[in-house]
Amino acid sequence: MHTTEITLEVNGETRSVTVRNADTLLYVLRDKLGLTGAKPGCLNGDCGTCTIDVDGNPMKSCLMLAVEVQEAKITTVEGLKYSSLQTEFVDKFAFQCGYCTPGFIMNANALIKQYPHANDMLIKEWLESNICRCTGYKEIEEAVKSALATAQTVLRQQ
Amino acid sequence: MIPYDFAYFKASTAEEAVELYQSLREQGKQPVYYAGGTEIITLGRMKEVYTEAVIDIKGITECQTLQLEQNQLVMGAALPLTKLQEANLFPLLSQTISEIADHTARNKITLGGNLCGNIYYREAVLPLLIADTDVVIAGKSGRRRIPLNSIFDERPCLEDGELLTQLITQSDYLGLPYYSVKKRRQWDVGYPLITVTALKKEGKIRVSFSGVCLFPFRSERIEECLNDTRLNPDDRIERAIQHLPKPISNDVEGSPEYRLFVLKNTLLDVLQALEGETYAHN
């Protein structure tokens, strides 16, 4: 078996783990590091429920090998720790079964950080990467827009 | 989970990658170059792609280049599609790749990976074919820079072990009038029914296609028909589609008849957009 001992920086912590080279980052996060926030969905890069943040960009962890991200900073939904975006998802009832929620949150979190003044077209382009089988898109959109408005207020006050 | 094991190597130069590839081949291995790796992972999971060693090329500086220099745009083959899209140095390419997969996936999918992929749409190649783009290829005998059109036959035809490192487009193509559209059967994300890109250079329309057949293509005979302004637009299009490669795709996205119907109307849109006239759809 081809394995490699890798060191990952996940949610601000340095974690060392031995992985099969063929292991996806999603598998390693969940089964080796116990971070089950990123969900396995299609495992094919289509549904977005495994989305995490890698160096500030949303990435589908089912489309990454763990061995290829050794020098990257990884954030999973566990690393957000009660962010205002998560609060907006609760306040706006932006979930039903909740399975897609971590993926949507990680994608939207990166959007807000990169483009705090994102317009409707940009929001749509980014969030099209995620699927909600409960079809809670309207509430998700409201939560993201509310979080963007909060981010814009914070920027104005700085 | 990918059901087989493979060795993982990360190359820091194209020469190192090529030497590694040759060495692995001499050992009887089946290596692949790995950039975004999305197809290797997803098709590997279903055993539709098999490898015994992946050679990661993302650490090769020239494969990550993105710059305008000496009147040409140099694009590294390992650039993620979103990086190219956001830089928007070649608007036709930006618009075309903005329709590939979805935004998050485009953070991983690379330019060279899309061109050399197994999934046959390879839409990023369409603007490059009509913009006379060159490719830089590293092989065991060194580097060569040649026109993409000269090695493109359904896909870039590289020798075993050759590595596509860069795509280079002359800057006078970057600002030409263009048209790019991806027609899907439904929704805004997913594979195309057809994708058509076009640009106008020196009064002539150039056009390339994906989704029409089981490979992307550009056809000079089609362009000759479309540019024959002695005829009316409908007749030009009717003549043009006689030169389509065969067979026309027939899959869940659409029948050949439906594809041709959509293609004819899309070509009318192309002519309208690039000739500045208003043509009626039949």
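**Close-up 1. The crossing of helix 2 and helix 3 in chain A of the predicted model is right-handed.** A crossing counts as right-handed if the near helix is turned clockwise from the far one by less than a right angle, and as left-handed if anticlockwise. Helix 2 of chain A and helix 3 (residues 101-114) of chain A pack at about 130°, with 10 Å between their axes, where axes are lines fitted to C-alpha atoms over the stretch in contact and angles run from 0 to 180 degrees between N-to-C directions. The two helices are therefore oblique to each other, a class left over once angles under 35 degrees are taken as roughly parallel, over 145 as roughly antiparallel and 65 to 115 as roughly perpendicular. Helix 2 of chain A contributes Leu85(A), Gln86(A) and Phe89(A) to the contact, and helix 3 of chain A contributes Thr101(A), Phe104(A), Ile105(A), Ala108(A), Asn109(A) and Ile112(A), contact meaning heavy atoms within 4.5 Å.

This is a predicted model in which local features need pLDDT of at least 70 and side-chain atom pairs count only at pLDDT 80 or more, whereas totals for chains, interfaces and linings use all residues. Residues are numbered from 1 along each chain as its sequence is written, chains are lettered from A and ligands numbered from 1 in the order in which they are written, and side-chain values use heavy atoms, with hydrogens and water left out.

**Close-up 2. Helix 2 of chain A also crosses helix 5 of chain A, with axes that come within 8 Å.** The crossing angle between helix 2 (residues 84-91) and helix 5 (residues 137-157) of chain A is roughly 140°, which makes helix 2 of chain A oblique to helix 5 of chain A. On the side of helix 2 of chain A the contact is made by Leu85(A), Glu88(A) and Phe89(A), and on that of helix 5 of chain A by Ile140(A), Ala143(A), Val144(A), Ser146(A), Ala147(A) and Thr150(A).

**Close-up 3. The largest cavity is lined by residues of chain B, including Leu66(B), Met75(B), Phe90(B) and Ile97(B).** A cavity is a set of points on a 1 Å grid over the protein atoms alone where a 1.4 Å probe fits but cannot get out, and lining residues have an atom within 4 Å of a point. About 50 Å³ of space lies in the largest cavity, a volume being the space filled by probe spheres set on the points, which are joined across faces, edges and corners. Helix 4 of chain B gives the largest share of the lining, three residues.

Notes:
On a 1 Å grid over the protein atoms alone, a cavity is a set of points where a 1.4 Å probe fits but cannot get out, and a pocket is an open set with protein on both sides within 12 Å along at least five of seven lines; lining residues have an atom within 4 Å of a point. Helices (H or I, at least four residues) and strands (E, at least two) are DSSP runs, numbered from the N terminus.
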